[in-house]
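The following note sets out numbered points on the model shown below. Please read each point against the coordinates.

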Amino acid sequence: MYTPPSVKTDLAKMPIPDRYRAWVLGDPEQLILTDKPTPVPHRAEVLVRIDAVAICATDLDVIKSGPPAMIQGGPPFNKNWTPGHEYMGTVAALGPGVDEFAIGDRVTVEIHAGCGQCKRCRMGMYTSCLNYGLNYGEVDKGHRANGFTSQGGFAEYAINNINTLIKIADTMSDEEATLVVTAGTSMYGLTELGGLVAGESVVVTGPGPIGLLGVAVAKALGAYPVILTGTRDARLEKGRQLGADHVVNVTREDPVEAVRRFNGGKGVDYVVECSGAPGAITAAAKMCNRGGKICLAAFPHAPDIVDIGHIVRNNIYLYGIRGEGKSATHRAEAFMRTKRFDATLIHTHTFMLEELPEAIRYARDRVEDAIKVVVKMRR
Ligand SMILES: [Zn+2]
Ligand SMILES: [Zn+2]
């Protein structure tokens, strides 16, 4: 029976086992289904019963090569550590003093709690915490990034700081709720560009999950026109359904020329670069008007050559953004709650927890045109 001291439970309403099923990372690419003792929430924390988790491209990178995950100051392999970060669930137990949430609340979670005490955390930039990964031994600053520096969501339970929780409406399905943090990342990008003004023009390059929801968020914020570029027609069609006014298949036409044509011969105010492709930054700069702004939201796998002279001569701003800071996830959830866009258009496949390796194969190899693959914990 799970009855840790000072922790509030309601075992009649929300039974909690002593141990729970969790996938852990062994060697690179090796996932093992095991069980762990159910963890105990401390001050400002709750125990979340995970109901669903989406697979992200970053999970695939972490499972294959480690970074950006960092456990106890090093690579995440063979540390009994569970990856996965795009999860939602139900509040199952409350740490001491927690009255912001009740047992039984349905919540979706942000990834980063940050340390809460460094300069960046104090600015709301908790995804860029200066104490990233410091949450162990004598360097315990309390930093938490679920599935990156602390235990993640390919499991039945997780501990979450209350700062990372967002209550969700009963009308939102578990699957849709796993997509809130992705929409929140797109929202954070637009926030960091200075906040979109209605009627400003936006290009999104790269129709992955963040790019597709970037189209949806930009449209919901009042952008016009919203132009999406990519290589696959099926993904571009999803972008249209999510609000793109124009789409450009870069295998068939020059995206810089097409963007200028669609925006009356002028460049656009903002580019949200979600492709990570070689040459993408220079192309984005040439899509911008003078003084335009570029948000870099992809993690390219190699350094790139950039036409810096063009960027300087045209006073173009570059912003690297990481994750979902400044409570952007709350704003994204409000859009989804009020049906300003249908994020479920990018959810393509569902698997059960014990099928995680197959779910990862679908996400990695884009089997059957998979976009977002969701794993559920119970039938
Ligand atoms: Zn992610
Ligand atoms: Zn911090």
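1. Strand β10, helix α6 (residues 233-241) and strand β11 form a β-α-β unit that is right-handed; a crossover is so called if, with the strands pointing away from the viewer, the path from the first strand over the helix to the second runs clockwise. Helices (H or I, at least four residues) and strands (E, at least two) are DSSP runs, numbered from the N terminus. The model is predicted: local features need pLDDT of at least 70, side-chain atom pairs count only at pLDDT 80 or more, and totals for chains, interfaces and linings use all residues. Residues are numbered from 1 along each chain as its sequence is written, while chains are lettered from A and ligands numbered from 1 in the order in which they are written.

2. The two strands of this unit, β10 (residues 226-230) and β11 (residues 246-249), run parallel and are joined by four bridges; strands count as paired if DSSP finds at least two bridges between them. Within this pair, His 246 of β11 is opposite Ile 227.

3. The open sheet has six strands in the order β11-β10-β9-β12-β13-β14, with parallel pairing. Because β11 and β14 (317-320) stand at the edges with a single partner strand each, one side of each has no neighbour in the sheet. From one strand to the next the twist averages 15°, where axes are lines fitted to C-alpha atoms, for helices over the stretch in contact, and angles run from 0 to 180 degrees between N-to-C directions.

4. β12 in turn pairs with β13 (residues 288-296) in the parallel sense over five bridges, and Val 272 faces Cys 295 of β13. Helix α5 packs on the sheet, touching β9, β10 and β12, with its direction at about 165° to that of β9; residues are in contact if their C-beta atoms, placed from the backbone, lie within 7 Å. Helix α7 (residues 255-262) also packs on the sheet, where it touches β9, β10, β11 and β12, and its direction makes about 165° with that of β11.

5. A residue is buried if 20 or more other C-beta atoms lie within 10 Å of its own, exposed if 12 or fewer, and partly exposed in between, with C-beta atoms placed from the backbone.

6. Helix α5 is largely enclosed by the rest of the structure, because 12 of its 12 residues are buried; among them are Pro 209, Leu 212, Val 215 and Lys 219. The 12 residues of α5 (residues 209-220) should span 16 Å at 1.5 Å a residue, and the end C-alpha atoms are 16 Å apart, which agrees. The expected span is 1.5 Å times one less than the number of residues. Gly 222, with a positive phi near 100°, follows the helix.

7. His 246 belongs to β11 and is partly exposed, with 18 other C-beta atoms within 10 Å. Residues up to four places away in sequence aside, His 246 touches Pro 225, Ile 227 and Phe 262. Pro 225 lies in the loop between α5 and β10, and its peptide bond with Tyr 224 is cis, with omega about -15°.

8. A cis peptide bond also runs from Pro 67 to Pro 68, with omega near 0°; Pro 68 is in the loop between α1 (57-65) and β5 (86-94). Asn 78 is placed in the loop between α1 and β5 and has a positive phi near 55°, although not a glycine. Asn 78 is partly exposed, with 14 other C-beta atoms within 10 Å.

9. Ala 44, in the loop between β3 (31-37) and β4 (45-54), is a non-glycine residue with positive phi, near 65°. Ala 44 counts as partly exposed, having 17 C-beta neighbours inside 10 Å.

Methods: Two residues are in contact if their C-beta atoms, placed from the backbone, lie within 7 Å.
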